[in-house]
Amino acid sequence: MLQHIIPASGLLFTLQNILWINIGVFIGAVFAAIPGLTVILCVILFLPVTYSMSAIPGMMFLLGIYCAGGYGGSVSAILINTPGTPHAAATMLDGHPLSKAGRTKAALKIALYASTFGGIFSALALLFLGPQVAKLAAQLGTPECFMVCVFGLTIIAGVSGKSMVRGIIAACLGLLISCIGSDPMTSYDRFTFGVNRLYLGLDLAVCLIGLFALVEIVSRAEQKPGELHMDTKKMHDNGAITKEEYKRMARPTIMGSLIGVLVGIIPGTGASEASWFSYSQAKSMSKHPEEFGHGSVEGVAAAESANNAVTGATLIPLLTLGIPGDGTVAIMLSALMINGLNPGLSLFTTQGDIMYAIMLGLILVNIFMLLQGKILTPIFAKVVSIPQEILTPIIVIFCFAGAYSVNKNYFDVCVALVFCVLAWILRKLDMPPVPILLGLVLGKMTETNFRRALLISNGSPKIFVSSVYCWIFIGLIVLAVGTILRGKIKDRKAKAAPPKEE
Amino acid sequence: MKGKMDKLGEKLKGKEIRIPVDLTVGVVFFLFAVVVMLLMPSQVAVSERDVVNGRAFPELLMWLMMACCAGLVIKEIVKIVRKQPLEYKTINLLVELKALIIIAILIITYVLCRVTDLFVVGAVFCALAFLIYFRCKKPLYYVITVGLAVGIWAAFRFLLNVRF
């Protein structure tokens with residue numbers, strides 16, 4: 001590891017990288033602060049900007065957005081009781097009561113410090129665990145790689161919607177869409193319907209613009225008119241945090257960071273799950289559980305440290321196995337692949353300097369997030385009140401410009417529109433979009449490994465149960481499915497049970 | 001015009017359609033999988049020499065999809081027979097009409113960009129159309145949004161060298 005650190009530092013500490021980190025952090029925090037705009041939407045919109053960049057500045061820019069998005073979501077949660085991003089919902093429970101008690105700046109400061117700690121903790125976990133997992137991943141052959149893909153898809157299908165079966169159907173749809181274009185092994189065209197442009201397949205970024213960004217615009221139809229107003233006078237407290245409060249923050253912050261890392265490593269789970277889990281753990285372990293929900297500093301620290309600790313951990317399965325930990329990092333995979341960086345052990349050996357520069361960069365991203373948060377939080381707070389009338393068409397224009405610029409072709413804009421309509425219909429049927437995204441990302445890898453394994457075994461499916469690793473992954477899949485189903489049955493029973501009388 | 005739209009809105013406001021989600025998903029995607037299977041021979045060329053050809057993976061997916069759909073449909077039929085409540089999704093017609101208007105704005109923006117081959121034309125239309133959709137009466141918002149639309153086009157055109 002040490003042999004890579006010094007050259008990686010040389011690659012990382014350039015003016016260009018530091019500039020892109022800061023631009024990313026600023027954009028991420030601003031976007032996440034606006035309710036309704038998610039981090040995934042922001043990464044999709046700005047992905048085309050990275051196409052002309054090399055790997056390190058491109059990834060630094062996207063990681064800046066990703067990490068700062070974790071903190072930005074808490075700004076509106078604390079100020080106006082509306083989480084900017086879904087994972088800031090747990091922060092809202094105690095952040096807003098603190099703000100109402102006249103301690104807005106203090107609440108924002110606690111969220112910032114906890115987020116930074118969680119982010120750096122997670123980056124260190126990535127730095128130390130990443131290469132070890134990659135070594136393990138190098139021992140996997142084609143059938144095992146196929147099982148890894150199935151494992152990732154199963155978990156994501158299971159946890160991202162209300163129904164696991166609907167999740168599996170969505171994942172199948174995503175995998176089928178990834179089959180459009182030339183066959184990866186024979187180069188025959190598939191499902192092109194005579195459209196020559198489809199021979200190259202569908203670009204991931206273009207599909208995502210439709211699936212996640214444009215559909216959010218269509219969902220404005222569900223919102224009632226009205227603007228969000230914020231009283232900036234709320235920011236006039238001195239933001240002081242007492243020694244006693246710092247002491248009380250320490251334990252939930254460390255525990256939240258640990259929970260965030262553990263949850264983040266599991267594909268399909270994300271910042272929302274981590275922050276709620278950490279919040280409930282902090283409450284159960286606190287000496288003052290009665291303060292939770294009424295402005296507890298421990299509650300804010302636990303939720304914020306956990307949701308930012310997910311950021312580095314989600315990169316572990318992405319960089320080592322090619323399995324994205326969540327939807328946002330799935331998009332980052334295309335930024336890596338455009339620069340010829342394919343996940344796996346080879347990434348840590350042949351491209352070790354670049355890889356370590358990216359992992360070290362994550363620490364730098366969190367430091368700049370802390371600095372920007374300390375200086376620019378009043379600006380982040382002001383954007384909360386940008387009216388929807390202005391924001392909506394601007395996002396559409398960004399989406400169209402982004403879709404066009406991928407291949408400099410209006411055909412891609414049309415594809416994005418088709419995916420937007422598809423996503424809207426699927427939303428009406430309560431079908432989760434994240435398994436489709438994972439299907440699109442993992443499609444080629446899953447199919448290639450599936451077919452190669454069958455070729456090796458001359459068509460015999462026994463190859464998928466031929467090694468210890470295969471059995472381990474089968475065991476993990478069964479365990480994951482069992483746990484998910486048990487959780488869902490429990491939820492259903494809890495809903496069906498008659499409410500307790502007060 | 002505004003009055004007519006308000007009247008139409010009021011009429012549609014309370015109109016809702018309830019669809020049994022799992023049953024609908026089961027039927028729709030089962031039919032989808034069947035159509036894909038029927039299209040497969042014409043859409044995926046294979047060689048007889050291939051041990052595992054290009055149809056193997058999509059076929060596997062469609063069989064899995066059909067199995068899941070069949071499971072959903074059977075589960076819902078059992079629920080109906082046992083007179084247990086089904087899971088419904090409520091679709092509000094007013095929301096769907098608004099969604100259709102937004103989709104129409106997006107399509108017209110795309111058509112304008114494509115026909116004129118000038119992205120800025122579509123961008124300005126999009127800005128104005130959404131402001132009208134939101135019934136915005138503030139002239140300043142029009143100036144800001146149109147200005148930003150032109151600004152984004154200029155940034156992509158001159159800074160990122162995207163020729164459109």
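Biologist: Okay, predicted. What mean pLDDT does chain A have?

Modeller: pLDDT is the predictor's confidence in each residue, from 0 to 100. For chain A the mean is 83, and 92% of its residues reach 70 or more. Chain B averages 88, with 99% of the residues scoring at least 70.

Biologist: And where in chain A is confidence lowest, and where is it highest?

Modeller: The lowest is helix α14 (residues 345–349) of chain A, at a mean of 71, and the highest is α17(A), at 92. Where pLDDT is low, the predicted coordinates should not be read in detail. For the complex, the predictor gives an ipTM of 0.91 and a pTM of 0.78.

Biologist: Back to A:Arg197, then. How many C-beta neighbours does A:Arg197 have inside 10 Å?

Modeller: You count the other C-beta atoms within 10 Å: 20 or more is buried, 12 or fewer is exposed, and in between is partly exposed. A:Arg197 has 15, so it counts as partly exposed. Also look at A:Asp412: it is 215 residues from A:Arg197 along the chain, yet their C-alpha atoms are separated by 9.7 Å.

Biologist: Let me try another arginine. Is A:Arg190 buried or exposed?

Modeller: A:Arg190 is found in strand β2 of chain A. It is buried, because 23 other C-beta atoms lie within 10 Å. Its C-alpha atom is separated by 9.2 Å from that of A:Gly201, which is 11 residues away along the chain.

Biologist: Which residues is A:Arg190 in contact with, leaving aside its neighbours within four places in sequence?

Modeller: In chain A, you'll find A:Cys179, A:Ile180, A:Gly181 and A:Asp183. The list also takes in residues of chain B, namely B:Gln43, B:Val44 and B:Gly54.

Biologist: That brings in the other chain! How many residues of chain A are in contact with chain B?

Modeller: Chain A brings 53 residues, in contact with 54 residues of chain B. On the chain A side, the elements giving two or more residues are α8 (164–178), α9 (204–218), α16 (388–407), α17 (410–428) and α18 (434–456). Of these, α16(A) gives the most, with 13 residues. By class, that side has 36 nonpolar, six polar and 11 charged residues.

Biologist: Now a pair in one helix. Where do A:Leu126 and A:Leu129 sit, and is each of them buried or partly exposed?

Modeller: A:Leu126 is in helix α6 of chain A, and A:Leu129 is in helix α6 (residues 104–137) of chain A too. A:Leu126 has 28 other C-beta atoms within 10 Å, so it is buried. A:Leu129 has 16 such neighbours, which means it is partly exposed.

Biologist: What is A:Leu126 in contact with, beyond its neighbours within four places in sequence?

Modeller: A:Leu126 is in contact with A:Gly312, A:Ala313, A:Leu315, A:Ile316, A:Met359 and A:Leu362. As for distances, the C-alpha atoms of A:Leu126 and A:Tyr356, 230 residues apart along the chain, are separated by 9.9 Å. For A:Leu129 and A:Pro433, 304 residues apart along the chain, the separation is 30 Å.

Biologist: What about two helices passing each other? At what angle do the axes of α10 and α11 of chain A cross?

Modeller: Helix α10 (residues 243–265) and helix α11 (residues 271–285) of chain A have axes that come within 9 Å and cross at roughly 145°. The crossing is right-handed. Among the residues making the contact are A:Met255 and A:Ile259 of α10(A), with A:Phe277 and A:Gln281 of α11(A). By class, the contact has seven nonpolar, five polar and one charged residues.

Biologist: Last one: backbone angles. What phi do A:Lys408 and B:Lys83 have?

Modeller: Neither is a glycine, but A:Lys408 has a positive phi of about 50° and B:Lys83 one of about 60°. A:Lys408 lies in the loop between α16 and α17 of chain A, and B:Lys83 in the loop between α3 (56–81) and β2 (88–92) of chain B. With 11 other C-beta atoms within 10 Å, A:Lys408 is exposed. B:Lys83 has 6, so it is exposed.

Conventions:
Residues numbered from 1 in each chain as written. Chains lettered and ligands numbered in written order. Predicted model: local features only at pLDDT ≥ 70, side-chain atom pairs only at ≥ 80, totals over all residues. Helix = DSSP H or I, 4+ residues; strand = E, 2+ residues; numbered from the N terminus. Contact = placed C-beta atoms within 7 Å. Nonpolar A, V, L, I, M, F, W, Y, C, P; charged D, E, K, R; others polar. Axes fitted to C-alpha atoms, helices over the stretch in contact; angles between N-to-C directions. Left-handed = near helix turned anticlockwise from the far one by under 90°.
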